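Visitor: Hi, I've got a structure open and could use a quick tour. Can we keep it short and simple?

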Amino acid sequence: MSGEHAIPYDELERRRKAASAARKASTYTPAEPVIESEAMAAIHEIFNPKLKLPQTTGPYRPPKAVSANQFVSIQDLDIRKLAELKEAFLLFDTDGDGLISKEDLKMTFGALGSQVEDEFLEEMLKEAKDPLDVDAFLELMSQRTVELDPEDVLLEAWSKWDLYGTGRIEQRKIYEELTNFGDKMSVAEAKEALRYAPLIKPKSLDDPAMIDYPAFCRLLSGLRKREEPQ
């Protein structure tokens, strides 16, 4: 740029300050954060699960033992599990009348490709209160699973093998642990214990089989919440 057409630095600085002064202040105000209820947060977690390793110090501590005939109040149950059970109730309630009947069960089993006798369904219904509404269904399932460990207790135990918080553990490693340490299992017992463990699809033939242990913990856990230390 030739000197006769160049704009002096002082003039550029003056124009910059004038433009800055003329610029209106922003009227944008950030939206207030939406505080979800505990129930909505649980529903969001079900449909958008994220691995959250429990914060822990020291060695794994097993939960307090509970017997099957011991009463557990609704406040002691995990709200995420309750939301999942209510969703399951809606699947069983095929006619949408708010109750699970023998006809509902027969249709559900039929949809799954199984044909069952009426006597079998009647025996199933004897275990629950009559009528079998959603509250009776939750009470029945909580009694059947009250002895099982809470999900975050299982997650804490399994995460001891997950040194980098990946949410996966090599299947071979777990077999070795089960058959060589602690109360040793036979190979057949170890295979049966991990029979329903969800596996992560390998990206190549060279990748080892990996267990999705957070998903496995959800399958194995009961309805109780973890008891916080006093």
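Guide: Let's start with Y213, which is buried, with a relative accessible area of 0%. Keep in mind that this is a predicted model.

Visitor: How many aromatic pairs does the structure hold?

Guide: There are six aromatic pairs in the structure.

Visitor: How do you describe a pair like that?

Guide: You give the distance of the ring centres and the angle of the planes.

Visitor: OK. Is the pair of W158 and W161 stacked or edge-to-face?

Guide: Edge-to-face, because the planes of W158 and W161 stand at 70°, and the cut-off for that class is over 60 degrees. Their ring centres are 6.1 Å apart.

Visitor: Is W158 buried or exposed?

Guide: W158 is buried, because its relative accessible area is 12% and the limit for buried is under 20%.

Visitor: And what about W161?

Guide: W161 counts as partly exposed, at 32% relative accessibility.

Visitor: Back to Y213. How does its ring sit against W158?

Guide: The planes of W158 and Y213 are at 10°, so this pair is stacked. The centres of these two rings lie 6.5 Å apart.

Visitor: Which helices do W158 and Y213 lie in?

Guide: W158 is in helix α7, and Y213 is in helix α10, residues 213-220. The pair therefore ties together parts that are 55 residues apart in sequence.

Visitor: Which residues form the aromatic cluster?

Guide: One cluster is formed by W158, W161, Y213 and F216.

Visitor: New topic. Where is G167?

Guide: Look in the loop between α7 (151-159) and β1 (169-170).

Visitor: Buried or exposed, that G167?

Guide: G167 counts as buried, because its relative accessibility is 8%.

Visitor: How far apart are G167 and P214?

Guide: In sequence, G167 and P214 are 47 residues apart. In space, they are 6.3 Å apart, C-alpha to C-alpha.

Visitor: Now the helices. At what angle do α4 and α5 pack?

Guide: Helix α4 (residues 102-111) packs with helix α5 (residues 118-126) at about 120°. Their axes are 10 Å apart. The angle makes α4 oblique to α5.

Visitor: Is the crossing left-handed or right-handed?

Guide: α4 passes α5 in a right-handed crossing.

Visitor: Which residues make the contact?

Guide: From α4, they are K102, L105, K106 and F109. From α5, they are D118, F120, L121, E122, M124 and L125.

Visitor: How many of the contact residues are nonpolar, polar or charged?

Guide: In the contact of α4 with α5, six are nonpolar, four are charged and none are polar.

Key: Residues are numbered from 1 along each chain as its sequence is written. This is a predicted model: local features need pLDDT of at least 70, side-chain atom pairs count only at pLDDT 80 or more; totals for chains, interfaces and linings use all residues. Side-chain values use heavy atoms; hydrogens and water are left out. Helices (H or I, at least four residues) and strands (E, at least two) are DSSP runs, numbered from the N terminus. Buried means under 20% relative accessible area, exposed over 50%, partly exposed in between (1.4 Å probe, protein chains only). Rings of Phe, Tyr and Trp (its six-membered ring) pair if their centres lie within 6.5 Å; planes under 30 degrees apart count as stacked, over 60 as edge-to-face and the rest as tilted. Axes are lines fitted to C-alpha atoms, for helices over the stretch in contact, and angles run from 0 to 180 degrees between N-to-C directions. Angles under 35 degrees count as roughly parallel, over 145 as roughly antiparallel, 65 to 115 as roughly perpendicular and the rest as oblique. A crossing is left-handed if the near helix is turned anticlockwise from the far one by less than a right angle, and right-handed if clockwise. Contact means heavy atoms within 4.5 Å. Ala, Val, Leu, Ile, Met, Phe, Trp, Tyr, Cys and Pro count as nonpolar, Asp, Glu, Lys and Arg as charged, and the others, Gly among them, as polar.
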